[in-house]
Amino acid sequence: MTAIQISGLTKDYQIGFWRKRPWRALDGLSLEVERGEVFGFLGHNGAGKTTTLKLLTGLIFPTAGTAKVLGKPVGQPETFRHLGYLPENPYFYDYLTAQELLDYFAHFFQMDAGLRVRRREEMLKLVGLDSFRDMPLRKFSKGMLQRIGIAQAVLHDPEIVLLDEPMSGLDPMGRREVRDLIVQMKAEGKTVFFSTHILSDVEALCDRVAILNRGKLVGVGRLSELLRQRSGVEAVVECASSCSAELQHLASKPVTVSGGQYRLEIQEENMPRFLAFCQTEGVRLVSLNPIRASLEDYFTELSQSASDGEHVSSGVSAL
Amino acid sequence: MNSSPVLAVTLNTFREAVRDRILYNLVAFAVILIASAVLFGQISIGIEKIILINLGLSSISVFGLLIAIFLGINLVFKEIDKRSLYALLSKPVRRWQFLLGKFLGLNVTLLVNTIFMTAGFWAALYYLNRKFERQDQFIWVAIYFILLELSLVTAICLFFSCFSTPVLSAVFTFLLYIIGSFSADIRGFGELTHSAPLKALSTFVYYLVPNFSDFSVAAPVAHGKAVPGTLVLLNTIYTLCYASVLLVASMAVFSRKDLK
C-alpha cells in the first residue's frame, strides 16, 4: 500500500481586499509516496510545499483533487493516529514546559498513563531535551522549538511523518541532529515526507524527490535517475592556445582556463570526437572524470525551464 | 462521543488562563471589596447592606464580563494567529471538539473566578452584619444568573472569534451585551409605537439578541426579595438553548475554515 496518494490536488486562495480574485497556490499535483521511503519535497519559497503539507493534514481544504494517507482520506481522526506533523517555524503554547506539552498532546492518543510517561521520556531523550523538561517553552531557542516540534510529531510512533522545513533556522549541529533523526526514522521503517529548499539535505537523505515550481510539479523521481540524465565527463587538458576554439565547440559549458590547463565538460555523445581531436592535435589529456550533476544544477535548470515555459505560454495566450 | 480530547483542551484552556495571571486580579478584587464594606458601613447608615449587595454583585458581573470578553475574543484567534493550532489539529481531535473544549475551559475559568469573588463578597457581608440572614440565600440565585450571563457572553465571543479579529470581536460582543441588556426596553418601545413595521422590527430584535435583562436580579435580591423559581428555570433553559445555537454556528463556521 502506498503511504501517501495525491491526485490532481489544487488549491486556490482568494486574494485582494475589495475585489477578491483567486490565486492558485497548488495546481493539479499528483504523486505517490511509497511506504518506508524518505521523500523530499523541493521548491522555492511560495512554490506550494507548505500548502501541500497543510492539505495533507486537513488544515486547509482543496479546491479540487484528493489526497489519501494509508488509503484513507486526509483529515480523519483515524488517519492522524498514523501521521505525525511538524509545522513550518513551529510555535507551541509558551506557557507550558516541554514535558507538559508532550503530556498534553499525548492525551489525544489512546495511551494509558504509563505509556504516556514512557513515550514522553523517550521523546525528550531522543531530541536531547531531557535536561530542559521543566523549562517553559517561551525560553526555548528556535532550534529547541524545532526539536520539541519533532518530538511531538513522533510522540505516538506514527508510520508517516510530515516535516515542513525541519532544518529551517538550525545551526550546523542542529541540522546534523535532525538529519540523524530522519535516518533513524527511516531505519525504523517510517515514511518521511519533508519539504525543504536545502538541497544538500535532500541529497544526503532522500530516496526520491519531487520538485515544485509555482504550484506545479516539474520533476519527480529517484535522485540517481534524475541526476543520471545529466551525466557526462569533465576533462582537463593542456594544449596550445590555438586549440581553445575547437575545445569550446566540443564542450557543453564555457571552458575555464587555469595555470595553462583547460577544464571542460563534455557530453557523452561528443566523447569520440573529443578523443579524436586530442590524438590528432597532440593535446595532452591530464584527467578525465565522470561528472554527476548536482541536485542544485538540476533544480535550477528545472525551475528555470518551467519559468521560461510559463513565459512562453503566457506570451502565446496574450497573442 | 469521545470526551477525552474535549477534556484535554478544556483543562489546557484553564491552565493557560491561570498562567496568564488573570485569576490573580481576584485577590485584589476581594481585598478592595472587603475594604469597601468597612467604608460603606461608615458612610451609608441604614442601607449599607443594600449598597454592599448591589456593589458586590455588580462588581462580580462586571469583572466576570471583562474577563470573559478579554479571554473569549482570543480563544480561537490567538491559536490561529500564533499557529499553535497546526500541531494540535494534526492530532486525532476534531475541530468541534477543540471549540467545545475552549468554550468549557473558559467557563471553568469564569466559574473559579466567580467562586473567589463570591467568597470575598460573603466575607464582606459577614464583616458588615456579623451574621447571615435567611433572605441572603437569594444572593446565590443572583450569582447563578451571573454565571449564566457569562456563559452566554463566552459563546458570543467564541462565535465572533471564529471569523473576526479580537478587536472587532470585542466590539461586537460588547454591543450585543449592551443591546441585550436593554432588550426588554426595546420590546416595550415596539409595543408603544403605532407603526407596524417598527413594532415588527423591535420584536425581531428582541428575539434575535440575547436577552440579558432577565439575568439582572441584583436590585430585588438586595432588598431581600425572592427570585421566582420559574425565572431560574427559564433563564437556565434560555442560556442552554442560546449558547448551543451559537456553539453549533461556531462549529459550522470553523469546520470549513482554511487555517492559512
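In chain B, helix 1 meets helix 6 through residues that include Val6(B), Val9(B), Thr13(B) and Phe14(B) on one side and Leu100(B), Leu104(B), Val108(B) and Val112(B) on the other. The residues of this contact divide into 11 nonpolar, six polar and two charged. The model is a predicted one. Chain A has an open sheet of four strands and another of six.

**Helix packing in chain B**

- Helix 1 covers residues 4-19 and helix 6 covers residues 95-129. Their axes lie 7 Å apart, at an angle of about 45°.
- An angle of about 45° is between the limits of 35 and 65 degrees, so the two helices count as oblique to each other.
- Helix 1 of chain B passes helix 6 of chain B in a right-handed crossing.
- Helix 1 of chain B also brings Pro5(B), Thr10(B), Glu16(B) and Ala17(B) to the contact. From helix 6 of chain B come, among others, Gln97(B), Phe98(B), Gly101(B) and Lys102(B).

**A buried serine in chain B**

- Ser61(B) sits in helix 3 of chain B, which spans residues 48-72.
- Its relative accessible area is 12%, under the 20% limit, so Ser61(B) counts as buried.
- Leaving out residues up to four places away in sequence, Ser61(B) touches Ile146(B), Glu149(B), Leu150(B) and Tyr177(B).

**The four-stranded sheet of chain A**

- The strand order is 2-1-4-5, and the pairing is antiparallel.
- Strand 2 and strand 5 of chain A stand at the edges. Each has a single partner strand, so one side of each lacks a neighbour in the sheet.
- Strand 1 (residues 2-15) and strand 2 (residues 21-34) of chain A run antiparallel and are joined by 10 bridges. Ile6(A) has Leu31(A) as its bridge partner in strand 2 of chain A.
- Five residues lie between the strands of this hairpin. Gly16(A) takes a positive phi there, near 100°.
- Strand 1 of chain A also pairs with strand 4 of chain A, again antiparallel, through five bridges. Here Ile4(A) is partnered by Val69(A).
- Helix 1 of chain A (residues 49-56) lies across strand 1, strand 2 and strand 4 of chain A. Its direction is at about 115° to strand 1 of chain A.

**The six-stranded sheet of chain A**

- The strand order is 6-7-8-3-9-10, with mixed pairing.
- Strand 6 and strand 10 of chain A are the edge strands. One side of each is left without a neighbour in the sheet, because each has a single partner strand.
- From one strand to the next, the twist averages 15°.
- Strand 9 (residues 208-213) of chain A is joined to strand 10 of chain A by six bridges, and the two run antiparallel. Leu212(A) stands opposite Leu217(A) in strand 10 of chain A.
- Helix 6 of chain A packs on the sheet and touches strand 3, strand 7 and strand 8 of chain A. Its direction makes about 150° with that of strand 8 of chain A.
- Strand 6 of chain A runs parallel to strand 7 of chain A, with four bridges between them. Leu83(A) stands opposite Ile160(A).
- Both faces of strand 6 of chain A are covered. Leu83(A) and Tyr85(A) are buried on one side, and Gly84(A) and Leu86(A) on the other.
- In a regular strand the side chains alternate between the two faces of the sheet.

**A covered helix in chain A**

- Helix 3 (residues 98-106) of chain A has nine of its nine residues buried. Among them are Gln99(A), Glu100(A) and Asp103(A), along with Tyr104(A) and Phe105(A).
- The cover comes from both chains: it includes helix 4 and helix 5 of chain A, together with helix 1 and helix 5 of chain B.

- Most residues other than glycine have a negative phi.
- Leu70(A) has a positive phi of about 50°. This residue is in the loop between strand 4 and strand 5 of chain A. At 12% relative accessibility, Leu70(A) is buried.
- Glu165(A) also has a positive phi, near 50°. Its loop connects strand 7 and helix 6 of chain A. Glu165(A) is buried, with a relative accessible area of 6%.

Methods
Residues numbered from 1 in each chain as written. Chains lettered and ligands numbered in written order. Predicted model: local features only at pLDDT ≥ 70, side-chain atom pairs only at ≥ 80, totals over all residues. Heavy atoms only, no water. Buried < 20%, exposed > 50% of the residue type's maximum accessible area, 1.4 Å probe, protein only. Pairing = 2+ DSSP bridges. Axes fitted to C-alpha atoms, helices over the stretch in contact; angles between N-to-C directions. Parallel < 35°, antiparallel > 145°, perpendicular 65-115°, else oblique. Left-handed = near helix turned anticlockwise from the far one by under 90°. Contact = heavy atoms within 4.5 Å. Nonpolar A, V, L, I, M, F, W, Y, C, P; charged D, E, K, R; others polar.
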